[in-house]
There are 2 protein chains.
Amino acid sequence: MPRQVDSDQRRHEIAIATWRAIDELGVDGTTMRAIADRAGCTIGRLNHYFERREDIMVSALRHAHAQAAARMAISVTGRSGRDALHAVLLEALPLDDVRRTEWKVWLTFWAQAIATESLRHEHEQRYREWRQLVATLVADAVPAMRKAQVGRIADSLVATVDGIGIHTLMSRDAGAARRARRTIESALDAHLPRSTDR
Amino acid sequence: MPRQVDSDQRRHEIAIATWRAIDELGVDGTTMRAIADRAGCTIGRLNHYFERREDIMVSALRHAHAQAAARMAISVTGRSGRDALHAVLLEALPLDDVRRTEWKVWLTFWAQAIATESLRHEHEQRYREWRQLVATLVADAVPAMRKAQVGRIADSLVATVDGIGIHTLMSRDAGAARRARRTIESALDAHLPRSTDR
């Protein structure tokens, strides 16, 4: 295997191992030791690929982001306007095991980003991309809408998804997924009424 | 000092020390050692008042919750209807240093709650109280509204606050506070249009 491909593959395996550690052990349990165990390597080997623990977290987060983006691209296939927006917002929520794990990665990342500048900066970049996607879909759904209004609605929908995501992840209530879907529909109805172009 | 008062006072001091540790060091740095240092006591002393680290986190969170509730009670004084709702939602956001620290406590708590059942359970209780407050204020603002609709709007507003809170906490952008206020106004306008009773 060429050296670069091999290196990329190892980094990918370490990102997956980090996901598994977060999923199984939470933020306090996700030590370098726990990640190395799950990647089947030594801590020294981790340090070979990632200089600092925070770099591993960035890699795990980018993997979550890329995976979600790929699913979203599939979810909009054959859809347009408000339906495409709706599909993408639902795709962002923790409504199955894979997405629950993604949300655990996000939440762990956010908590660590409070005190770690490189993680905070990474959050801002990912947030900007995600907000831009939502704004583009809002503008597609209501072509006549002013840009400032599109931005306000995108801010509100992105915030709604983050809030619902946290609560759904935390909830053991059997109705949580249904309520999450309903809240997204309610936010869409409020911001983009079906009958109006504004 | 009576024994119980003394004990409550010590627990309160430890909760404050935990806040300071989270504020200064983030989730990874908030060890029993860091908390004990800030409380001016030994780890053994911490264990005397709190059996497990998670019990300290619950105490720190309840302190955040009580402090926010007290501010909210003040913020609604002389207000009613939509204005009272608006004031309470703004009060929940990280728009000054005290509230930024509160938000750090929340985010740290959520990340730890992923893997710790007692924290997750505590989150659900606090969330229920907060949602109930918002639902009561929505019902006050639009007395004619059906109960199911009040619930949907409360879910959506609570989610919006959580999402904006995270992003505002993470942002170094000077305009973040202004955008947070604007997003709350935009969500209120969407869900509770001024001109309609629904």
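Which domains does the domain assignment give for chain A? The assignment gives domain 1 (1-51) and domain 2 (61-191), with bounds that come from an automatic or database domain assignment. This is a predicted model, in which local features need pLDDT of at least 70, side-chain atom pairs count only at pLDDT 80 or more, and totals for chains, interfaces and linings use all residues. Residues are numbered from 1 along each chain as its sequence is written, while chains are lettered from A and ligands numbered from 1 in the order in which they are written.

**Figure 1. Chain A as a whole.**
Chain A has 9 helices and 0 strands. Helices (H or I, at least four residues) and strands (E, at least two) are DSSP runs, numbered from the N terminus. Along the sequence, the pattern of chain A reads α-α-α-α-α-α-α-α-α. The C-alpha trace of chain A spans about 60 × 40 × 35 Å along its principal axes. Chain A holds 198 residues, of which 40% count as buried. A residue is buried if 20 or more other C-beta atoms lie within 10 Å of its own, exposed if 12 or fewer, and partly exposed in between, with C-beta atoms placed from the backbone. Of the contacts in chain A between residues at least 6 apart in sequence, 60% join residues at least 24 apart. Two residues are in contact if their C-beta atoms, placed from the backbone, lie within 7 Å.

**Figure 2. The two domains of chain A.**
The centres of domain 1 and domain 2 of chain A, taken over C-alpha atoms, are separated by 27 Å. Their contact takes 6 residues from domain 1 of chain A and 6 residues from domain 2 of chain A. On the side of domain 1 of chain A that touches domain 2 of chain A, there are 4 nonpolar, 1 polar and 1 charged residues. In these classes, Ala, Val, Leu, Ile, Met, Phe, Trp, Tyr, Cys and Pro count as nonpolar, Asp, Glu, Lys and Arg as charged, and the others, Gly among them, as polar.

**Figure 3. The contact between chain A and chain B.**
Chain A and chain B each give 40 residues to the contact. On the side of chain A, the elements that give two or more residues are helix H1 (3-29), helix H6 (97-113), helix H7 (117-141), helix H8 (147-170) and helix H9 (176-191). H8(A) gives the most, with 13 residues. By class, this side of chain A has 17 nonpolar, 14 polar and 9 charged residues.

**Figure 4. The relation between the two copies.**
Chain A is superposed on chain B by a rotation of 180 degrees with 0.0 Å of shift along its axis (RMSD 0.0 Å). The two copies are therefore related as by a two-fold rotation axis. The same surface serves both copies, as 100% of the contact residues of chain A recur in chain B. The superposition is by least squares on the C-alpha atoms of residues with pLDDT of at least 70 in both copies.

**Figure 5. Helices H8 and H9 of chain B.**
Two packed helices are described by the angle between their axes and the distance between the axes. Helix H8 (residues 147-170) and helix H9 (residues 176-191) of chain B pack at an angle of about 170 degrees, and their axes are 10 Å apart. H8(B) is therefore roughly antiparallel to H9(B). Angles under 35 degrees count as roughly parallel, over 145 as roughly antiparallel, 65 to 115 as roughly perpendicular and the rest as oblique. Among the residues that make the contact are Ile153(B) and Thr160(B) of H8(B) and Ala180(B) and Ile184(B) of H9(B). The contact residues divide into 8 nonpolar, 5 polar and no charged.

**Figure 6. Leu157 of chain B.**
Leu157(B) lies in helix H8 of chain B. Leu157(B) counts as buried because it has 28 C-beta neighbours inside 10 Å. Not counting residues up to four places away in sequence, Leu157(B) touches Leu89(B), Val134(B), Ala187(B) and His191(B). Leu157(B) and His191(B) are 34 residues apart along the chain, and their C-alpha atoms are separated by 8.6 Å.

**Figure 7. Ser80 and Ile43 of chain B.**
Ser80(B) is placed in the loop between helix H4 (53-75) and helix H5 (81-91) of chain B. With 11 other C-beta atoms within 10 Å, Ser80(B) is exposed. Ile43(B) is found in helix H3 (residues 43-49) of chain B. Ile43(B) is partly exposed, with 13 other C-beta atoms within 10 Å.

Conventions:
Axes fitted to C-alpha atoms, helices over the stretch in contact; angles between N-to-C directions.
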